[in-house]
Amino acid sequence: MLSELEAKWSMIEGTHGMRNGVIEKLTDAELNFTPGGNALTLGELCKEMGETERAYTDSIKNYTQNFDYKHADTSVATDLKKLQGWYETLDEEMKAALESVSEDGLKKMIDRGGFEVPIDVQMDIYLQALLIFLGKATVYLRAMGKPLPEQIAQWIG
């Protein structure tokens, strides 16, 4: 992996670890929790985050951002083992995509549908999406009366 992307990946990998820390504290039944109203279930929120990760991985590969992807296996929103396996695959695919970026590729711009950014900035934006997800997950955990994983309590609050 290019050195310019290694530091980005390190931060993303650590934040994936926080995401995984949330998932490890849950049961299948808790994936069905919703704080009420028209809010997504916690499992649907997790599925949405996976779809977002896939969109960012695809953007590294084809230099175009597109959020149209919807994971066909909806059971990842209700089955913890499937969700964990899917996240593991997504993380591996993102790392592989970043490892495949050449010096020339690093200079290319990703079309985000109205503005363009280089890959390193795209990864900063993805990291922000992960942190937003963790903020949302924190609300769900608190509404469920569950303690926050220690790392999230320290980083997110």
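Of the 157 residues of the protein chain, 44% count as buried, where buried means under 20% relative accessible area with a 1.4 Å probe and protein chains only. The model is a predicted one, in which local features need pLDDT of at least 70 and side-chain atom pairs count only at pLDDT 80 or more, while totals for chains, interfaces and linings use all residues. Residues are numbered from 1 along each chain as its sequence is written, and side-chain values use heavy atoms, with hydrogens and water left out.

The C-alpha trace of the protein chain spans about 50 × 35 × 30 Å along its principal axes. For 157 residues a compact globule would have a radius of gyration near 15 Å, and the 16 Å of the protein chain therefore agrees with that expectation; the radius is taken over C-alpha atoms, and the globule rule is 2.2 Å times the number of residues to the power 0.38.

The protein chain holds 6 helices and 2 strands, which follow one another from the N terminus as α-α-α-α-β-β-α-α; helices (H or I, at least four residues) and strands (E, at least two) are DSSP runs.

Helix α1 (residues 3–24) and helix α5 (residues 119–143) have axes that come within 10 Å and cross at roughly 15°, the axes being lines fitted to C-alpha atoms over the stretch in contact, with angles from 0 to 180 degrees between N-to-C directions. The two helices α1 and α5 are therefore roughly parallel to each other, a term for angles under 35 degrees.

Definitions and conventions:
Angles under 35 degrees count as roughly parallel, over 145 as roughly antiparallel, 65 to 115 as roughly perpendicular and the rest as oblique. Buried means under 20% relative accessible area, exposed over 50%, partly exposed in between (1.4 Å probe, protein chains only).
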